[in-house]
Amino acid sequence: MRLVLTRRLAPLDGPLAFAALYAGAIGLAVALGGVLFLLFHADPLAAYLALISSAFLEWRGFGYTLVQATPLILVSLGTIVAWRSGFIYLGFEGALVVAAAAATAVALAAGPGGPLAALPGPGVIALALLAGAAAGMAWSMIVALLQVRTGGNAVLLALMTNYLAVLLVQFLVSGPMRAAGDQPQTALIDRAFWLPIVIEGTRAHAGILIALVLAIAVFLLMEKTAAGFELVAAGLNPRAARYGGIDVDRRILLAAIIAGALAGLAGAIDILGVHHRLLDGLSQGTGFVGIVAALLGRMTVPGSVVASLLYSGLTVGAEATQRHTGLPSAVIQVVQALIVLCLLGAEILRSHRLALVRSRPPRGAA
């Protein structure tokens, strides 16, 4: 006997089937994680209770979950716009860190004695966010222009620009923007230019409100406007879109502008709301995790927001679980990976059926 995958006559698209598959996938991942906890002599129930309560039920932990989810939501929104338009962009990590550098430069320039010192705090915050969005947009346009003009591979181009961006930030924090001290980082941004806290007693800042407003804007753009229809049409079938009079290359450039600006805002918000200075390694893979969140959300805005919150909650809960149970943080990261893998596996089962079939008897057997 062996397990084989056979294609279904029609994919499972109903809401009940979708909910059942995803619930089963999460349940399987949780069960596998529980087995892993037992191997480390930890109580699975206590570990999961600590994870969930610290990330979603405790006010302080929930605020930190919102902080972690903010850049993921923005990057996942950028992924939706870019990928559904046929621009398979993987350079969000680079756009994010370059934007963080631009936002930091603006905020530092508004400090005492700086050229922007006359601006009020809200004006500096707005200008820093715009600078981050512009920097992210310009960075993503490098890949889009090369793809449109030369037919280059967008995936390879984007991955290379990620390396360039990381090296550029390392140069900035080690050279022209470095503050006095032993660490490769800039000076601390003036507190007047930090994003305001929206939930007292937590670290949740106004960035989550910006992300949710932009989520609504992206949903309306992609689902309710002619421009969104043309973006999706260009991504589904470029040849048919061109036949229908859509300028596909221009739509790809538009998608790159929007996606880069969203990633740039993620970087600027991370600086003004979390780090308050530019430092090496600030992103920690947010640009890639945001893509995963968009995929888990099935390239829909509501799904991506939920996936971003879920992934961030797991990250926040992992730290609390480690404190309560003594489990290594790597074990919780394995559970995170199991959830992602099982959810992606559920996507396969939407279009395929897993069946147990009898192995063919050896030739010559009676």
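Biologist: Ala, Val, Leu, Ile, Met, Phe, Trp, Tyr, Cys and Pro count as nonpolar, Asp, Glu, Lys and Arg as charged, and the others, Gly among them, as polar. On that basis, how does the lining of the largest cavity divide by class?

Modeller: That lining has 8 nonpolar residues, with no polar and no charged ones. This is a predicted model, where local features need pLDDT of at least 70, side-chain atom pairs count only at pLDDT 80 or more, and totals for chains, interfaces and linings use all residues. Residues are numbered from 1 along each chain as its sequence is written, and side-chain values use heavy atoms, with hydrogens and water left out.

Biologist: How many cavities of 30 Å³ or more are there?

Modeller: The structure has 1. A cavity is a set of points on a 1 Å grid over the protein atoms alone where a 1.4 Å probe fits but cannot get out; a pocket is an open set with protein on both sides within 12 Å along at least five of seven lines, and lining residues have an atom within 4 Å of a point.

Biologist: How much space is in the largest cavity, and which residues line it?

Modeller: About 50 Å³, counted as the space filled by probe spheres set on the points, which are joined across faces, edges and corners. Its lining is Leu296, Ala307, Leu310, Tyr311, Leu314, Ile339, Val340 and Leu343. Two or more of these residues come from each of α12 (301-325) and α13 (329-351), helices here being DSSP runs of H or I with at least four residues, numbered from the N terminus. α12 gives the most, with 4 residues.

Biologist: Switching to pockets, what is the volume of the largest?

Modeller: The largest pocket holds about 470 Å³. It is lined by 19 residues, and Gln68, Ser283, Gln284, Thr286 and Thr315 are the closest to its centre. The elements giving two or more residues are α3 (59-84), α10 (248-275), α11 (286-296) and α12.

Biologist: Which element gives the most there?

Modeller: α3, with 5 residues. By class, the lining is 8 nonpolar, 8 polar and 3 charged.

Biologist: And what about the second largest pocket, how is its lining divided?

Modeller: Into 3 nonpolar, 3 polar and 5 charged residues. The volume is about 240 Å³, and among the lining residues are Glu58, Arg60, Arg203, Glu319 and Arg323. α3 and α12 each give two or more residues to that lining, and α12 gives the most, with 5.
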